[in-house]
Amino acid sequence: MTIDPVNFAAILAMGALTYFTRILGFLIADRLPKSGPVRVALDALPPAVLVAVIAPIVMSGPIEAAAGLVVLLLALRLPLIATVAVGVAVAALLRLAFL
Amino acid sequence: MTTPLADFRAGLVAVFPTVAAAVPFALILGQQATAKGLTPAEMLAMSSIVFAGSSQLIAVGLWSTPAPVAALALMAFLVNLRHTLMGASLSGKIAHFGRLRWVAAFLLTDEAWALSERRAIDQPISRTFYFTVALTMFFFWQTASVLGTVFGTYLEHPEAWGLDFAFPAIFIALALGFWKGARRTGPVLVASAVVAVIVHATVPGAWYVIAGAIAGIAAAVITAPREQPAEALAGETTR
């Protein structure tokens, strides 16, 4: 159980900058007005970030697109854990069949 | 009004799928770290101090001896810059945390953020709910990434099992909760998706999340109904 000092320095530097990205949003939000266009922007932020994260993954190939569509339809009916389990199974089966 | 016990249970139920999705990747992270010569103690230190999955996986890919400290730190900053957007959105919803907000920020992950934002649609985010979700993720991330340094070799091709699809599946399902009609949410989703896909295909690195999110926000502001000036004129406080 050893820790190399250079490796630890790298881990600390990564951690410090990562924590900075995490508090920066709080510091900015505290200084923003709570109404008008800024309010509209903050309200739109959650779906905008979620879609920006998933869109390139879903568009990376036909299997991902098909599995994504299945998940989208299932999520309207099923609880989250069931939706995720079926989505994972669909992705695995399609890859087994076509890759 | 919910009780702390109910919030604790709700947090556990909410976090369970994301834990199931994160554990295989923590195991692989540990295995990859071992292949790069990192020790279990260093893995534990990284998972505890950085605690940001995708940046850790990329870091291990970039790792060499001696560690390229500046390159690793800059990469972590760029990959995790999306947390700034998440924090800006979450900030007002957990303002009642007081000083615990700075601890909450340390534990902020894509998963804890998305689950909390989803929760905030229906009811306020309590400390119990947030920290149940965030600390459960933290505990399993540490444990699985360290276990991965020992057992990770048994899980080398997660994509064959579809496991890489668990994370997008969770986010797709959560994203549905933010739907407020085609008029309000449609432009946000389209702008964000189109810009994210284009930037992902053309610009290296993690800029696509920031670019897509900003495009989505811009679409919301541009297409928002212009009610505010009239209300301001009437001297009313809207919220």
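**Group meeting: chains A and B of a predicted model**

Across the interface of chain B and chain A, the rule finds two salt bridges. A salt bridge here is a side-chain nitrogen of Lys or Arg within 4 Å of a carboxyl oxygen of Asp or Glu. Side chains of opposite charge can pair when their charged atoms come close. Asp164(B) forms a salt bridge with Arg95(A), and their closest N and O atoms are 2.8 Å apart.

Some ground rules before going on. This is a predicted model, in which local features need pLDDT of at least 70 and side-chain atom pairs count only at pLDDT 80 or more, while totals for chains, interfaces and linings use all residues. Residues are numbered from 1 along each chain as its sequence is written, chains are lettered from A and ligands numbered from 1 in the order in which they are written, and side-chain values use heavy atoms, with hydrogens and water left out.

Back to the interface. The rule also finds 17 residue pairs in polar contact across it, both residues at pLDDT 80 or more. A polar contact is a pair of N or O atoms within 3.5 Å; within protein, one must be able to donate a hydrogen and the other to accept it, and residues adjacent in sequence count only if both atoms are side-chain atoms.

Which helix of chain B gives the most to the side that touches chain A? Helix H9, residues 166-176, with 11 residues. Helices (H or I, at least four residues) and strands (E, at least two) are DSSP runs, numbered from the N terminus. By class, this side of chain B has 62 nonpolar, 16 polar and seven charged residues. Ala, Val, Leu, Ile, Met, Phe, Trp, Tyr, Cys and Pro count as nonpolar, Asp, Glu, Lys and Arg as charged, and the others, Gly among them, as polar.

Next, the extent of the interface. Chain B puts 85 residues into the contact and chain A puts in 67 residues, where contact means heavy atoms within 4.5 Å. The two chains bury about 6500 Å² between them, 80% of it on carbon and sulfur atoms. Buried area is the accessible area (1.4 Å probe) that two parts lose on being put together, summed over both. In chain B, Trp102(B), Phe165(B) and Ile172(B) lose the most area to chain A, together 10% of what that side buries.

Now chain B itself. Its secondary structure comes to 12 helices and zero strands. Its C-alpha atoms fill a box of roughly 65 × 45 × 35 Å, taken along the principal axes.

Over all chains, the count comes to eight salt bridges. One of them joins Asp7(B) and Arg119(B), with the closest N and O atoms 2.9 Å apart. Asp7(B) lies in helix H1 and Arg119(B) in helix H7 (residues 110-122) of chain B, so this pair ties together parts that are 112 residues apart in sequence.

Two backbone details in loops of chain B. The peptide bond from Thr65(B) to Pro66(B) is cis, with omega near 0 degrees. Pro66(B) sits in the loop between helix H3 (53-62) and helix H4 (69-80). Phe51(B) has a phi near 50 degrees, a positive value in a residue other than glycine. The loop that holds Phe51(B) runs between helix H2 (40-49) and H3.

Last, one residue of chain A. Leu74(A) lies in helix H3 (residues 62-75) of that chain. What does Leu74(A) contact, leaving aside its neighbours within four places in sequence? Thr83(A) and Val86(A). The C-alpha atoms of Leu74(A) and Glu64(A), 10 residues apart along the chain, are separated by 15 Å.
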